[in-house]
Amino acid sequence: MADLSRPNILLIQADQLSASVLPWHGGVTKTPHLSKLAETSVIFDAAYTNFPLCAPSRAAMMSGRLASEVGVYDNAADLASSVPTFAHYLRAAGYHTALIGKMHFIGPDQLHGFDERHTTDIYPSTFAWTFDPKSANSEIANDLRAFTTAGPVLRNPQLDFDEEVLHQTKSKLFDLARGRSLKEGQPWHLTVSFTHPHPPYQCPVEHWDRYTDDEIDLPRVPSIPEAEAHPYSTRLREEVSLRGVELSDEQIRNARHGYFGAVSYVDDLVGGVLEALRASNQENTVVIFTSDHGDMLGERGLWYKKLFFEDACRVPLLVNFPQRFGATRVTANVSHVDVLPTLLAIADPSSQIEPVDHLDGTSLIPLLETGVDPDHTDTVYAENLAEGTIRPLVMVKRGAMKLVTGGGPDDPDQLYDLSNDPIEMLNRIDDPGLARELAKLEQLASQRWNLDELHTEVVTSHRRRLFLRSLSEPAWGYEPPNYASGRVLRDGTQFNEWLYDSLLLAPGD
């Protein structure tokens, strides 16, 4: 009999996947495997990243704290080994933990609490990507080749990486079913992180061919002239070589076509993971699916991330465990910092383990069980301290109201009422009818951040990392152990014992 109080936990993460393109959120991408998963899942309609950039987003999710609290200010800032992560807490709860795929850890610690890691990372783990705040163009930013090369491809480095992630994941799931690495009756946690649909806007031919040109919609909001655009948006366009460049409808459609195809590719990868889980008879598993952040996909003439508009900062979040949580939709605002306390509540239902830090998130168990939680604040916080910012930009969303503030005098505040303006076209910052709502959001922001102190911390971090980068690059890249050696016959084991003791029979046999 499966122990529902100690289920396995499988967390699957995509990279740069916007909630808005998915069919259960009204999008047009073709995702049969994820859509089937969503049918029996709790769907969070208003789930947000806490930092619309890869490494800081993941640091916030893993630590349950905002990225500024753990010093991960951009894609080249290290997460300290002294910061407890959900992997540490799950191990404390008796779980075996493993990581497969991208997690964008910067620094010498490439495990951060996981017992095992089965692949290297796809991006540098050093300070190599530390940006110079004095430079308008980031040396690591995307350029126009994202659009000139958009389309179907036979292979690229990201496809190679994700194929290896899928292979290692299926192997690990079958090994877990055999009980390898596990103590008797020990539950497990596995984080699987794919790098698609992160640009380039490319995908395999078969996934490109799943869409006709007529099925690729153009952005709802056309490119906004520079004179009318927010200054930060203009700086982002310059950073990625798009300032003064107007893409043709064909280029926009090709890029979106490649992205949609990459979403379908991710769907097939997830389908492979879920099939291995099913085939290995490990149904006593909570399956969680999310992304680190979204992609603007040409809305307002903007692409990629690092923005607080919905396409860049709202992420998918599915929690699937029909044995305990019924299929429902949750409209309350939640965010990635809620993942750690939720996982801990699943793994430690008697609350024997006390977090050693104040967490910025809260457990989602009440929302998962009933869809409502009278104690839930319905408030999320997000940050942007990376390239393009002059001073820290932050977001507070409470209910349908969203405030974007900070940034200094050159970046005017923005206030949007998503209940009446879901595509955020009307900045209501000077609307006297919303003065009370604005004051509350401003109070929440001032209680949450000291932006002057945070700015000083960010500048100091840049200075330190640029200095260290100028000396040498440390050897922090992760090379995974050769786990394959445990699957072949070695001296000291009899042939028939090796051949038959690790069989996994097909269901029903």
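Predicted model: local features only at pLDDT ≥ 70, side-chain atom pairs only at ≥ 80, totals over all residues.
Setting aside residues up to four places away in sequence, Phe147 touches Tyr201, Leu242, Leu247, Ala255, Trp303 and Tyr304.

Helix α2 comes next. All 10 of the 10 residues of α2 (residues 54-63) are buried, so this helix is largely enclosed by the rest of the structure. The buried residues include Cys54, Pro56, Arg58, Met61 and Met62. The cover over them includes β1, α3 (86-92), β6, β8 and α10. Just after α2, Gly64 takes a positive phi of about 70 degrees.

Arg465 is found in α13, which spans residues 451-471. Is Arg465 buried or exposed? Arg465 is buried, because its relative accessible area is 3%, and the cut-off for buried is under 20%. The side chain of Arg465 makes a polar contact of 2.9 Å with that of Ser461. Beyond its neighbours within four places in sequence, Arg465 is in contact with Tyr73, Asp74, Ala76, Ala77, Phe127 and Thr130.

Gln352 counts as exposed because its relative accessible area is 67%, and the cut-off for exposed is over 50%. A polar contact of 3.1 Å joins its side chain to that of Ser350. From Gln352 to Ala255 there are 97 residues in sequence and 49 Å in space, taken from C-alpha to C-alpha.

How many cavities of 30 Å³ or more does a search of the whole structure find? The search finds 3. The largest cavity holds about 120 Å³ of space. Its lining includes His230, Lys306, Phe308, Asn384 and Tyr416, and both α7 (231-239) and β15 (414-417) give two or more residues to this lining. By class, the lining divides into 7 nonpolar, 4 polar and 1 charged.

The second largest cavity has a volume of about 60 Å³. Ile288, Leu317, Val319, Asp338, Val339, Thr342, Leu343 and Leu364 line this space. At least two lining residues come from each of β10 (317-320) and α10 (339-347), and α10 supplies the largest share, 3 residues. Here the classes are 6 nonpolar, 1 polar and 1 charged.

The largest pocket has a volume of about 620 Å³. Of the 37 residues that line this pocket, the closest to its centre are Ser20, Arg220, Glu310, Arg314 and Pro422. The elements giving two or more residues to the lining are β2 (42-48), α8, α9 (310-313) and β11 (328-335). The lining has 16 nonpolar, 8 polar and 13 charged residues.

Finally, some backbone sites deserve attention. Most residues other than glycine have a negative phi, and most peptide bonds are trans. A cis peptide bond joins His196 and Pro197, with omega about 5 degrees, and another cis bond joins Pro199 and Pro200, with omega about 20 degrees. Pro197 is in the loop between β6 and β7 (202-204), and Pro200 is also placed in the loop between β6 and β7.

The loop between β8 and α9 holds Leu297 and Tyr304. Leu297 has a positive phi of about 55 degrees although it is not a glycine, while phi of Tyr304 is near 70 degrees. Leu297 is buried, with a relative accessible area of 3%, and Tyr304 is buried as well, at 5%.

Key. Residues numbered from 1 in each chain as written. Heavy atoms only, no water. 1 Å grid on protein atoms, 1.4 Å probe; cavity = no way out; pocket = protein on both sides within 12 Å on 5 of 7 lines; lining within 4 Å. Points joined across faces, edges and corners; volume = space filled by probe spheres on them. Helix = DSSP H or I, 4+ residues; strand = E, 2+ residues; numbered from the N terminus. Nonpolar A, V, L, I, M, F, W, Y, C, P; charged D, E, K, R; others polar. Buried < 20%, exposed > 50% of the residue type's maximum accessible area, 1.4 Å probe, protein only. Polar contact = N/O pair within 3.5 Å; in protein donor to acceptor, adjacent residues only side chain to side chain. Contact = heavy atoms within 4.5 Å.
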